Amino acid sequence: MRRTSIRSAGAAALIAAAMAAVIAAVMAASGPARAQISDDAVRIGVLNDLSGQFADIGGKGAVLAVQMAADDFGGTVAGKRIEIVSADHQNKPDVAGAILRQWFDREGVDAVTGLPTSSVALAAQEIARDKKKTALIAGGATSDLTGKACSPYSIHWADDTYALANGTARAVTRAGGKTWFFLTADYAFGHAMERDASTAIRDGGGKVLGGVRHPFAASDFSSFLLQAQASRAQVIGLANVGGDTGNAIKQAAEFGIVDSGQKLAGFLVFISDIHALGLKLAKGLLVSTGFYWDQNDASRAFARRFFEKTGRMPTKEQASGYAAVTHYLKAVAANGTDDAARVNAQMRQLPVDYFGHSGSIRPDGRVLYDLTLYEVKAPEESKGPWDYYKPLATLPAAEVFRPMSEGGCPLVKP
C-alpha cells in the first residue's frame, strides 16, 4: 500500500422526491450535521488494479488523475488539506474489503474511487454504505450499482453495462446492423451485457442469431470465432473486457473476419486496448464511450496535461476518476464538511461538467451524460499516435441509460 499527501413530468418527479426524502432521512439519522472536516483532512482513497490485466485501464494513471483533481483544487478544501492514498485490490473483492475497512476504520479515509471490476465495486459499495463513507465509482460497470444494490452514499461515474450495451446495440442496429452473434465472458458482467444488448437489438427490429460464452482470461478464441463467422451475422458483439476483448479482436483479424465484411462491436473498450492492438488489427471496431481524449476542447486540455506526465492519453476510467473527485471536492466545499450523507446529497444537486458535456446525477446515484458511438480508424485515416476514433453518432443520455423507475433501486419508491 502506498500513501502520498498532496497539495494537491409526473412519475419522475415523485421518484425524485421520494429519493430525496430517503437521503434526508439518512442525514437525520446520522445526527445533527457538523460543518467541519473530520481529522482536519479530506482523505480520498484510490483503490484499483495496479498490477493485473486492468492496470493500463486504471492503474497508476488513475491515481495520477485523482492527484491532478486535488492539485487543481489547490491542495485544500474547506480550509483543510487534501490527502490521497492508493492501493492494489488485485481484482479480488476480499482483498478490496480488507483494504477499505482499514482505510475507513483506522486511516480516516472519507471517500474511495477507482474500483474497477464489478464484483469489487459492489463489495466496496456495501462497505461504504455500512461505514457511512462515500464511494465514487469510476471503474466498475455493472448497472446493478444504481439498481438493486444502490446506495445513498455512492455515485456511479463509469459508463455502465446497460448504457453501453443498449446504446451500442441500438445505434448499430439502427444503422443497418440487423443480425448479431455474441462472444460473451461467462460471468455476471458478460451476461448482463449480452442480455441488455439483445433487448435493444430486438426492440430495434434486429435479430440475435446465437452466441458463445468463454471463460475469464481466455487465450484461444479460435473455436468461438469460427462459430461467429459461420453464423454470418452482420455484427459480432464482444461482451467482455480487457485482455479478453483484445485477444478476441486480434484473433478475429487473423481469421479475416472484418475484411470479409462482418463488424465487431465492443461494449466495453478502452483507448489503451486500441493502443496495444494497433489500428491494423482494431480498424472498424465499433465503440461507445462517454469520454474520448479528442472529443472536444475540454477533454483535449485535460488529456494533454495527463500526457505530459505519463506519455499516454487517459482512458475513460482515469478521466472519470478526475471528474468524480473534482465534483466531490466541490460538494465538500459547498457544505464545509466531509460528512458522507451531506456531501452525497449535495453532489446530486450540483450540475455536472463531464469534460464539456453537461450532465446531472440522479437520486439513485447514476451520473447522466451523452455517449458517442465511434468507429476505430484504419491506419491510413489516423494522423498520428492516439488518433484512433472517428465519431459516428451521439447517444443521448435520456435514450441510453436505464430509466430510474426500471432499475429496482430499493431506495426509489414507485
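This is a predicted model: local features need pLDDT of at least 70, side-chain atom pairs count only at pLDDT 80 or more; totals for chains, interfaces and linings use all residues.
Residues are numbered from 1 along each chain as its sequence is written, and side-chain values use heavy atoms, with hydrogens and water left out. Local features need pLDDT of at least 70, side-chain atom pairs count only at pLDDT 80 or more, and totals for chains, interfaces and linings use all residues.

**The sheet**

Three strands form an open sheet in the order 13-14-15, with antiparallel pairing. Strands are DSSP runs of E, at least two residues long, numbered from the N terminus. Two strands pair if DSSP finds at least two bridges between them. Strands 13 and 15 are the edges, and each pairs on one side only. Strand 14 and strand 15 run antiparallel, joined by 2 bridges. S360 has L368 in strand 15 as its bridge partner.

| Strand | Residues |
|---|---|
| Strand 13 | 352-354 |
| Strand 14 | 357-361 |
| Strand 15 | 367-368 |

**The rings**

The structure holds 20 aromatic pairs. Rings of Phe, Tyr and Trp (its six-membered ring) pair if their centres lie within 6.5 Å; planes under 30 degrees apart count as stacked. Y354 and Y369 are a stacked pair, 4.1 Å centre to centre with 5° between the planes. Y354 sits in strand 13 and Y369 in the loop between strand 15 and strand 16 (371-376), so the pair ties together parts 15 residues apart in sequence. Y354 and Y369 are both buried (under 20% relative accessible area, 1.4 Å probe, protein chains only).

Ring pairs also link Y354 and Y369 into a cluster with F291, F302, F306, Y322, F355 and F401.

Definitions and conventions
Helices (H or I, at least four residues) and strands (E, at least two) are DSSP runs, numbered from the N terminus. Rings of Phe, Tyr and Trp (its six-membered ring) pair if their centres lie within 6.5 Å; planes under 30 degrees apart count as stacked, over 60 as edge-to-face and the rest as tilted. Buried means under 20% relative accessible area, exposed over 50%, partly exposed in between (1.4 Å probe, protein chains only).
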